[in-house]
Structure formats: structure tokens, C-alpha cells
Amino acid sequence: MSAAAFDLHRGTPGTLGVSGVLSFDTAAAALEAIGRALADGAVVRLDLAGVERSDSAGLACVLAAQAEVRQRGRSLTVENMPEGMRALAQVCEVDDLVG
């Protein structure tokens, strides 16, 4: 995996794992890929344990994925949010939205 890459994986049923980098360079592609992975409704958890680095675009990607799922009448739980992303969510006052 290159320094500016992300990866999606389904190890645990109902969970979509994200690893790598969620940043301005990858967020648009990540959101598109996450949206495709969430389309079938089988995913109820987004596991961010493998995210090595993120910025505000990465946080926006997670929020957009949750909003997309919510529009379909479902919910998406975010697990293992990296501390830096969690701190950014608190500063932006959106931490309640991502859990």
C-alpha cells in the first residue's frame, strides 16, 4: 500500500474495515468505494482501526458515508476512530454524529 492509499476489507460479517490514509488525496475515492460497499445494506459497522492518518477530508468522508446510509433508512456505527480524527470531530462539534 502506498503512503496515499486506503483499503477496504470485510473480515467480520456486517463490518467494513478501512485502513491506510483518509485525506484530501484519498477522500473522494474512499467515499465512492465505501458507498459501493454499503449499497447492499449488509454493512452496519465502519471499523477505522486500520486508518493510519486522516485529516478533515477523511472526517468528512466518514460523515458523508453515515449520511448516505441514513438516507436509506439505516444506521452505520463507526468503530475504532483514530484519536486524531476523534479530536477533529470534537473541535468541529460533530462528534455526536460519529458516535
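Reader: Which residues in α3 do Ser56, Gly58, Leu59 and Val62 in α2 meet?

Author: This is a predicted model: local features need pLDDT of at least 70, side-chain atom pairs count only at pLDDT 80 or more, and totals for chains, interfaces and linings use all residues. Residues are numbered from 1 along each chain as its sequence is written, and side-chain values use heavy atoms, with hydrogens and water left out. Contact means heavy atoms within 4.5 Å; helices (H or I, at least four residues) and strands (E, at least two) are DSSP runs numbered from the N terminus. On the α3 side, the four residues of α2 meet Met85, Leu88 and Ala89.

Reader: At what angle do α2 and α3 pack?

Author: Axes are lines fitted to C-alpha atoms, for helices over the stretch in contact, and angles run from 0 to 180 degrees between N-to-C directions. The two axes lie 10 Å apart. α2 is therefore roughly perpendicular to α3, a class that covers 65 to 115 degrees (under 35 is roughly parallel, over 145 roughly antiparallel, the rest oblique). The angle between α2 and α3 is about 80 degrees.

Reader: How many charged residues does the contact of α2 with α3 have?

Author: Ala, Val, Leu, Ile, Met, Phe, Trp, Tyr, Cys and Pro count as nonpolar, Asp, Glu, Lys and Arg as charged, and the others, Gly among them, as polar. The contact has 5 nonpolar and 2 polar residues. Its count of charged residues is none.

Reader: In what order do the strands of the open sheet stand, and which are at its edges?

Author: Two strands pair if DSSP finds at least two bridges between them. The 4 strands have the order β1-β2-β3-β4, with mixed pairing. Each edge strand has a single partner, so one side of it is left without a neighbour in the sheet. Those edge strands are β1 and β4.

Reader: How many bridges join β2 to β3?

Author: β1 and β2 pair in the antiparallel sense over 4 bridges, with Phe6 opposite Gly20. β2 and β3 run parallel, and Leu22 has Ser54 as its bridge partner. The number of bridges between β2 and β3 is 7.

Reader: How many residues of β2 are buried?

Author: Buried means under 20% relative accessible area, exposed over 50%, partly exposed in between (1.4 Å probe, protein chains only). β2 is largely enclosed by the rest of the structure, because its buried count is 8 of 8.

Reader: Is Ser23 buried or exposed?

Author: Ser23 sits in the loop between β2 and α1. Leaving out residues up to four places away in sequence, Ser23 touches Arg53, Asp55, Ala57 and Gly58. Its relative accessible area is 3%, so Ser23 is buried.

Reader: How far apart in space are Glu32 and Cys61, C-alpha to C-alpha?

Author: Glu32 lies in α1 and is exposed, with a relative accessible area of 52%. In sequence, Glu32 and Cys61 are 29 residues apart. In space, C-alpha to C-alpha, they are separated by 9.2 Å.
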